[in-house]
Amino acid sequence: MNKFIKAITAMMLMIALIMITGCEKENMFYKHGFYDLGLPSGNLWATCNVGADSPEEYGDYFAWGETNHKDFYNWTNYLYCDGSERTLTKYCNNPSFGLNGFVDSLDVLETVDDVANTRWGGDWRTPTAYDWYELFQYTTHHWANMNGVNGVLFVGEKGLGIFLPAAGIMMGDSLINDDVYGYYSSNQIETILDPSRTIQCFIGADECFYGGNYFRFCGRTVRPVRSAE
């Protein structure tokens, strides 16, 4: 009988340990909601923006490569320049835009500068230009309204969808075009000709596309993505 009780106790402890381990894994990797949209890459898209608690919330705004929300967005306080678009100090592959001819040939965010990863951890990241391409290519999308907020709904082949609110863009201390357009970051600068600009996803009622660009200092929303396990 004692052996039976010990065996049951050991089994219960083992089950508890598995449950605890599972919870720790869930807390670590699944703290933020996501959907499998059936994309060829298997990528999992987050259900809300960085700084938001629900799909329709705008969340926080970040200049490209910065990891903190600000009250003012301009070249004068952009982290990776010395006051202007022609004085870049990081992510510059054209000496005409670098401070004193500076170039580092970096055109993709390093992990330390990726707010999706620094805020959420794990393997969450800001989407690449290809991630945005894939989202547009392999889902249907249409202008929608969620709880009174305008945005675009992307629906995958499995019938699951993500809602991107039209959160506008921060320039100076003003939020521009909110509830009309959305400007979502990618992790890449625009071209070798003008590294002061970045590739982004643009959404609106009349058009949606990826590749449109704005200056790096502007505050954009970020919708993280991660690879499937």
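In strand 4, valine 155 is the bridge partner of threonine 140. Strands are DSSP runs of E with at least two residues, and helices are runs of H or I with at least four, numbered from the N terminus. This is a predicted model, where local features need pLDDT of at least 70, side-chain atom pairs count only at pLDDT 80 or more, and totals for chains, interfaces and linings use all residues. Residues are numbered from 1 along each chain, and side-chain values use heavy atoms, without hydrogens and water.

Now follow the sheet. Strand 3 and strand 4 (residues 149-155) pair in the antiparallel sense over seven bridges; two strands pair if DSSP finds at least two bridges between them. The open sheet has three strands in the order 3-4-5, with antiparallel pairing. Strand 3 (140-146) and strand 5 (161-165) stand at the edges with a single partner strand each, so one side of each has no neighbour in the sheet.

Next come the rings. The structure holds 19 aromatic pairs. Rings of Phe, Tyr and Trp (its six-membered ring) pair if their centres lie within 6.5 Å; planes under 30 degrees apart are stacked, over 60 edge-to-face, and the rest tilted. Tyrosine 133 and tyrosine 210 form an edge-to-face pair, 5.8 Å centre to centre with 75° between the planes. Tyrosine 133 lies in helix 3 (residues 129-137) and tyrosine 210 in strand 10 (residues 208-215), so the pair ties together parts 77 residues apart in sequence. Ring pairs also link Trp64, Trp75, Tyr78, Tyr80, Tyr91, Phe215 and Phe217 into a cluster.
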